[in-house]
Amino acid sequence: MRWSQAFIPTLRDDPADSEAVSHKLLVRGGYIRQLMAGVYSMLPLGQRVRENVMRVIREEIDAIGGQEFLLPQLHPREIWDRTGRAETMKDIMMSFDDNKGSPMVLGPTHEEIFATVSRELTSYKQLPQLWYHIQTKFRDEARPKSGLLRVREFTMKDSYSFDVDQEGLDVQFDRHFDAYHRIFKRLGMNAIAVRASSGAMGGEDSVEFMVASEVGEDEVAHCEACGFAANVETATSVIPQISDTDGPTEIKEFDTPGVRTIADLETFPGGAPADRQIKTLVYFVDGEPVLILMRGDHQLQDQKLMDHLQTADLRPAQPEEIKPLLGADAGSLGAVGVTDVRIVADEALRDRLAMTTGANTNDRHLSGVAMARDITVTEWADVRTVQPGDGCPTCGEKLTVFPAIECGHIFKLGTFYAEPLGVSVLDEQGKTIPIVMGSYGIGVERNMAVSVEVNHDDKGIIWPMEISPFHVIITVVRPDDEATLEAAETLSNALEASGFAVLLDDRNERPGVKFNDAELIGVPLRVTVGPRGVQSGILELLDRRTGQSVDVAIDDVFDRLVELISSPGAQA
RNA sequence: CGGGCUGUGGCGCAGUCUGGCAGCGCACUGGUCUGGGGGACCAGGGGUCGCCGGUUCAAAUCCGGCCAGCCCGACCA
């Protein structure tokens with residue numbers, strides 16, 4: 001491919017409406033253009049990378065026995081009503097009536113549709129099956145953001161497994177687990193598998209694949225010592241015991257004028273350190289008030305609370321709802337003597353003595369509070385947010401917590417879809433049994449973007465060889481020099497004839513412009529061909545990743561390039 | 001959905017407060033020179049100033065309404 005004839009609109013400046021590095025670089029590099037919020041056009045370079053990502057995914061899923069389908073994007077809403085997801089997913093479903101007035105949706109995912117096709121499975125002898133497709137999904141996200149990282153129209157590889165029993169599902173799930181690790185590695189990403197809650201997908205068990213990144217929307221707690229990893233929405237940790245034997249044993253109420261926060265009370269004369277305070281939060285759960293008690297220096301993890309309470313209907317109380325309930329405003333709240341409100345206490349408070357907490361009278365607090373003696377706890381639960389430095393729940397070493405992007409998610413669905421959709425086979429005894437399903441998703445464009453997030457420098461993108469739009473870029477320093485252009489074309493033709501993708505930069509531009517563009521678009525290998533080199537028989541070979549260049553005899557360049565392209569770890 | 005910010009040529013922006021010829025840089029076209037890290041000079045082309053309405057002799061600028069995009073939060077595979 002000659003750059004002079006290609007449509008690669010690179011930009012010198014960052015686009016004004018971008019924040020994420022991948023967004024800036026993919027726009028500047030001429031890979032993508034935005035059409036509207038959360039909807040992007042793939043330009044030729046972007047489409048090449050997208051195809052490469054899909055190829056990698058396809059190879060790995062085929063390798064574990066996947067059969068490729070292509071299911072429609074346009075669905076009757078009725079099929080989504082049957083599983084109840086028309087309701088649970090209504091906020092993100094693109095929904096409309098066709099010209100006859102029939103309710104339609106654009107598919108946000110395809111469990112229902114694959115399950116419908118699978119009704120033609122009739123016998124246990126046909127199982128297991130592994131089906132997948134790579135298809136456009138539509139999700140009307142409330143807030144698309146960060147370029148390709150969070151969009152409303154995107155491509156996803158989703159596979160679905162069908163088995164007679166849980167053991168079969170486990171096998172297919174584990175195969176995906178391994179295949180996904182291979183995929184992310186080939187995309188140049190270090191993905192960490194974390195246990196997650198299944199959310200709206202339904203089902204029993206799920207694992208998210210997370211890649212550490214500043215632009216991540218999730219937080220992952222990770223133990224480098226033993227490999228434990230969990231989304232902070234579910235993560236637990238161990239923390240040191242605190243000895244309370246030196247504190248007051250009798251409850252005493254005292255004035256605390258102006259004290260409104262944990263930090264205020266730490267510095268107030270006669271106050272207490274945060275880890276000797278009880279923080280009292282007021283929430284409404286399924287419309288009923290609930291007190292949540294936390295150690296003063298701990299943060300509530302909403303998702304853990306929701307999981308514990310088995311509800312999604314959870315909100316903090318409004319200030320005007322608090323005073324009628326407890327008799328004081330936030331800042332002076334406590335649970336001592338409260339018996340008519342449900343009280344959930346965090347495990348970190350169990351058996352604590354000599355604590356300080358609000359007195360339910362404005363500007364008054366209590367000291368010497370003993371949890372067991374003074375507070376009528378309805379239930380104990382671990383609802384604390386894991387902090388960096390907490391102990392790992394499996395090995396006790398220190399945990400790190402970092403932001404991460406979800407790059408893939410695999411689910412054990414069980415019979416969640418099979419039962420409402422009537423998906424079953426006959427077993428060996430001729431008995432009807434529901435098919436046990438799994439589903440496994442990877443977002444194509446999101447992974448493109450994440451690969452850029454973790455593979456770039458201040459000059460631009462640095463693609464992993466497998467998904468780079470080109471294997472090699474040949475920068476012709478003086479395309480008006482006949483011998484130079486001819487040498488470059490000879491090399492380019494030889495590489496292309498061997499099946500490699502080559503971008504020949506034959507534009508009549510200053511060398512600096514071409515070098516900068518080459519680095520921006522991120523092709524991993526660059527050969528510089530100029531009159532000087534052609535005359536001396538030496539060409540410069542530059543490794544984009546290391547920035548190191550080596551001089552190679554013109555007759556050896558082809559072999560050297562083939563070697564480098566074929567062995568991803570090698571350096572020029 | 002709540003809060004904030006922004007819409008002016010392909011891209012990045014000034015001009016809006018204080019109404020009066022629509023500008024700058026990059027990019028683009030033709031030319032001369034230059035030629036291994038975003039080069040110089042000469043000559044050019046390109047804009048419904050987000051949309052609708054109002055005020056005014058006159059609106060990018062003032063007023064009202066709407067739309068779109070970005071960021072933070074809520075929500076979310």
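Me: How many bridges join strand β11 to β21, and in which sense do the strands run?
Reply: This is a predicted model. Strand β11 covers residues 218-222. One of its residues, A221, has V401 in β21 as its bridge partner. The two strands run antiparallel, and the bridges joining them number five.

Me: Which residue in β21 stands opposite F209?
Reply: Strand β10 spans residues 205-212. Eight bridges join β10 to β21, and the two run antiparallel. The residue in β21 opposite F209 is G408.

Me: Which residue in β24 stands opposite G408?
Reply: Strand β24 takes in residues 436-443. β24 pairs with β21 over six bridges, in the antiparallel sense. Opposite G408 stands I442.

Me: How many of the 15 residues of strand β21 are buried?
Reply: β21 runs over residues 400-414. Buried means under 20% relative accessible area. The strand is mostly covered, and its buried residues number eleven.

Me: Is C223 buried or exposed?
Reply: The cut-off for buried is under 20% relative accessible area. C223 has 0% relative accessibility, so it counts as buried.

Me: What is the relative accessible area of C395?
Reply: Between the buried and exposed cut-offs, under 20% and over 50%, a residue is partly exposed. C395 is partly exposed, with a value of 35%.

Me: How many disulfides are there?
Reply: A disulfide needs two cysteine sulfurs within 2.5 Å. The cysteine sulfur closest to that of C223 is in C395, 3.5 Å away, so the two are too far apart for a bond. C395 is in no disulfide either. The count is zero.

Technical notes: Residues are numbered from 1 along each chain as its sequence is written. Chains are lettered from A and ligands numbered from 1 in the order in which they are written. This is a predicted model: local features need pLDDT of at least 70, side-chain atom pairs count only at pLDDT 80 or more; totals for chains, interfaces and linings use all residues. Side-chain values use heavy atoms; hydrogens and water are left out. Buried means under 20% relative accessible area, exposed over 50%, partly exposed in between (1.4 Å probe, protein chains only). Helices (H or I, at least four residues) and strands (E, at least two) are DSSP runs, numbered from the N terminus. Two strands pair if DSSP finds at least two bridges between them.
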